Amino acid sequence: MSNESPTLVKGEGPVTLSPSGSTPSQGSPLSPTSSSKGPELPDELLQAGWARCWSKRENRPYYFNRFTNQSLWEMPVLGQHDVISDPLGLNAAPVEAADCNLGNGQRKRRASEEQGAEAISFKRTKVEPTTPISPSTPGAKPWSSAPDDKQSQSTTPITPSTPGGKPWSAAPDDKQNQSTPTVAPGPSPAPYRPAVVYWDLEIPTNAVIRERPPDPQLPPHPEVELQRAQLVTKLRQHYLELCLQREGIDPPRESFNRWLLERKVIDKGHDPLLPSDCDPVISPSMFREVMNDIPIRLSRIKYKEEARRQLFKYAEAAKKMIDSRNASPDSRKVVKWNAEDTMNWLRRDHSASKEDYMDRLEHLRQQCGPHVTAVAKDSVEGICSKIYHISAEYSRRLGHAHAALMKEYNLSERCEAPDLQDRLVYCYPARLAHPSPTQPRVELHFENEVACLRFKGEMVKINRGHFSKLELLYRYSCIDDTRFEKFLSRVWCLIKRYQVMFGSGVNEGTGLQGALPVAVFEALNKQFGVSFECFASPLNCYFKQFCSAFPDTDGFFGSRGPFLSFRPASGSFEANPPFCEELMDAMVTHFEDLLNSSTEPLSFIIFVPEWRDPVTPALVRMEGSPFLRHQLSISAYEHEYRSGSQHICKREDMYYKAVHGTAVFFLQNSAGFSKWEPSAERLAEIQSAYQSSSSRPGPAPVVPADKEPASKTTERTTSVESPGPHDNNNNSNSNSSSSNLLEKTCSV
């Protein structure tokens with residue numbers, strides 16, 4: 001058996017046949033390809049890496065293995081000597097042929113042909129093979145026999161288990177397809193172990209919820225997800241054109257992303273991303289951000305000349321706008337007078353300082369701002385309304401396409417509500433009420449340390465470390481695909497969904513998915529028993545239990561669904577929400593409702609930006625909350641976040657400095673305060689974790705040497721009534737209260 005790599009030469013241009021034998025597929029960059037038709041290869045050979053190719057030199061087919069670089073004239077047979085798993089051939093079946101290395105009557109391609117190819121070959125970039133492989137967890141058996149559809153399990157939540165157990169694994173009695181013949185696996189690659197990990201998926205949960213029904217959203221499919229991506233891109237383009245045509249400005253940076261977040265807080269539509277049923281139609285978030293950039297966008301000023309230039313542009317734009325709009329005489333008079341007075345002052349005074357220009361700009365905004373807002377109000381509301389109605393139309397279009405796809409696979413859109421028991425269980429991943437349709441083929445190959453997944457020419461990328469993380473999350477959480485046959489298509493849908501939500505700009509959207517440093521998560525778990533993230537995704541989560549925006553794509557990877565519909569009765573939680581004012585305000589309302597309705601230990605540790613000019617409603621409400629036990633304030637540029645693009649960025653770009661202060665709030669009910677009191681010792685550990693750079697993976701951040709770490713954090717304690725004795729060993733007994741709660745309600 002040959003162990004040489006095929007090369008593209010002038011006299012021989014091999015091309016891979018499509019598995020269907022009708023059209024050529026997009027194979028691996030190293031795989032030979034062909035446009036010639038031929039018989040279809042068995043699935044066993046395809047999974048083992050074999051492909052049927054065409055030799056232009058010999059004008060005949062041959063067979064090439066992308067795993068081992070073997071090439072044979074005759075069709076290979078499974079069970080022969082494998083050079084990867086058995087390099088010495090100790091387990092090979094005995095053969096009678098003259099060449100003992102070529103069993104089953106197979107003949108290697110002639111050496112003269114291989115030498116001729118090598119003579120004019122060229123060096124190519126190392127690219128690993130394309131194959132829908134299973135997770136590379138040591139000792140795992142992902143290709144074991146399992147039913148393709150376990151939808152009956154999806155309606156039954158995971159029952160409580162002992163701490164440290166894995167309630168997400170399928171029961172050993174689920175072997176409904178033992179009579180179905182199993183498919184022999186091909187040689188699996190060596191397990192990939194990332195050098196640095198930013199998660200700990202072995203921490204069990206202490207979050208307890210009431211049993212809940214499956215989510216009614218339709219299961220994801222690459223065809224629908226690709227159409228959704230195209231429509232969202234068109235919607236972003238509409239937004240750009242409306243802002244330019246009506247107001248002469250570019251859309252405020254990431255305002256479209258925050259519009260999606262704000263709309264989904266109140267949206268009652270069925271599409272997981274596009275809003276379609278909101279009241280009111282006019283988005284306060286989009287209206288506010290567009291209006292702030294009228295008549296011009298004010299950038300951060302560093303130098304005097306920038307301040308002078310920006311003052312002149314604002315006065316000129318305000319005068320031009322008031323002249324071109326249908327403004328009242330009084331508004332026209334006030335704006336024109338202030339604008340001309342500012343221009344005259346700029347011509348006369350050339351010795352003003354940066355502060356003088358800034359004061360004059362603020363005065364001009366106060367005088368002209370209300371009049372400019374009045375004349376632009378109808379136009380900006382028209383932009384918000386137009387974008388919403390286009391989004392609703394796109395949502396209906398996607399709904400029809402998804403329904404047609406389900407009908408094509410004879411799957412009903414309606415499902416009967418399962419019978420639920422009113423009982424408390426440990427939280428379990430979100431399940432979908434509908435069975436998943438057959439998934440199309442998604443191609444996978446590796447380019448150095450990046451996994452590339454391609455569907456119909458659309459490629460998404462993820463680094464190998466996070467790809468292995470998704471494999472583990474899928475193993476823990478998915479119950480309807482134990483053979484990982486739908487794994488690649490679901491990973492493609494997951495990455496595509498977040499890619500579309502982020503946007504296509506440089507670093508756009510990544511701030512909405514920023515995460516705390518690993519050292520802070522470790523301290524939160526050790527000191528406060530935190531085992532759950534309220535706002536995360538499979539790409540940036542630290543724990544394997546978390547809430548995220550999209551239960552349809554994320555539920556297979558451990559998501560418990562959107563947090564605003566998640567109602568825990570007990571547990572310790574971390575919340576680092578996307579920085580959208582409306583979402584943070586709804587979060588505080590949900591926190592107080594949960595804390596007020598539960599008598600079991602319940603604790604929320606919230607990290608939000610300390611925006612004081614103007615102050616955000618969420619910040620004011622948490623500072624005055626009756627459940628506030630303690631508050632920390634961490635200064636800007638003296639702490640870090642993990643990048644929202646951590647699944648694709650370089651290691652040196654994993655962390656970035658926070659440009660704003662961060663406020664940390666401890667909201668707890670009485671039982672939660674007794675169990676996880678924010679004592680001085682515990683708070684010191686949190687502060688030390690924030691200030692530490694050596695305890696986290698990745699390169700150390702740049703910290704000014706002339707600043708004392710002790711002065712980086714300020715505290716404020718809220719006096720509360722003296723609670724009962726708290727648990728000083730809550731880390732080792734993090735699940736004790738949850739277990740007691742389950743025992744109390746087992747008869748409900």
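Student: Is C278 buried or exposed?

Tutor: Buried means under 20% relative accessible area, exposed means over 50%, and partly exposed lies in between (1.4 Å probe, protein chains only). C278 has a relative accessible area of 6%, so C278 is buried. One caution before we go on. This is a predicted model, where local features need pLDDT of at least 70, side-chain atom pairs count only at pLDDT 80 or more, and totals for chains, interfaces and linings use all residues. Residues are numbered from 1 along each chain as its sequence is written, and side-chain values use heavy atoms, with hydrogens and water left out.

Student: How many disulfides does the model have?

Tutor: A disulfide is a covalent bond between the sulfur atoms of two cysteines. The rule here asks for a pair of cysteine sulfur atoms within 2.5 Å. By this rule the count is zero.

Student: How do I read the strand pairing of β1, β2 and β3?

Tutor: Start with the terms. Helices (H or I, at least four residues) and strands (E, at least two) are DSSP runs, numbered from the N terminus. Two strands pair if DSSP finds at least two bridges between them. Here three strands form an open sheet, ordered β1-β2-β3, with antiparallel pairing. The edge strands, β1 (50–55) and β3 (71–72), each pair on one side only.

Student: How many bridges join β1 and β2?

Tutor: Six, in the antiparallel sense. R52 stands opposite Y63 in β2. β1 and β2 form a hairpin with four residues between them, and N59 in the turn has a positive phi of about 55°.

Student: What does Q668 touch?

Tutor: Contact means heavy atoms within 4.5 Å. Not counting residues up to four places away in sequence, Q668 touches L595, L602, S603, F627, R629, F673, W676 and P678. Q668 lies in strand β14 (residues 662–668). At 0% relative accessibility, Q668 is buried.

Student: Which side chain makes a polar contact with Q668?

Tutor: A polar contact is a pair of N or O atoms within 3.5 Å; within protein, one must be able to donate a hydrogen and the other to accept it, and residues adjacent in sequence count only if both atoms are side-chain atoms. The side chain of S603 is the partner, at 3.1 Å.

Student: Which residues of α6 are buried?

Tutor: In helix α6 (residues 284–292), S285, M286, E289, V290 and M291 are buried. Their cover includes α4 (222–247), α5 (255–266), α9 (354–408) and α14 (581–597).

Student: Which residues lie nearest the centre of the largest pocket?

Tutor: R253, R258, E289, R300 and W611, out of 49 lining residues. α6, α9, α14 and β13 (655–657) each supply at least two residues of that lining.

Student: Where is V425 found?

Tutor: V425 is in strand β5 (residues 424–426). V425 is buried, with a relative accessible area of 0%. V425 and P568 are 143 residues apart in sequence and 9.8 Å apart in space, C-alpha to C-alpha.

Terms used: 1 Å grid on protein atoms, 1.4 Å probe; cavity = no way out; pocket = protein on both sides within 12 Å on 5 of 7 lines; lining within 4 Å.
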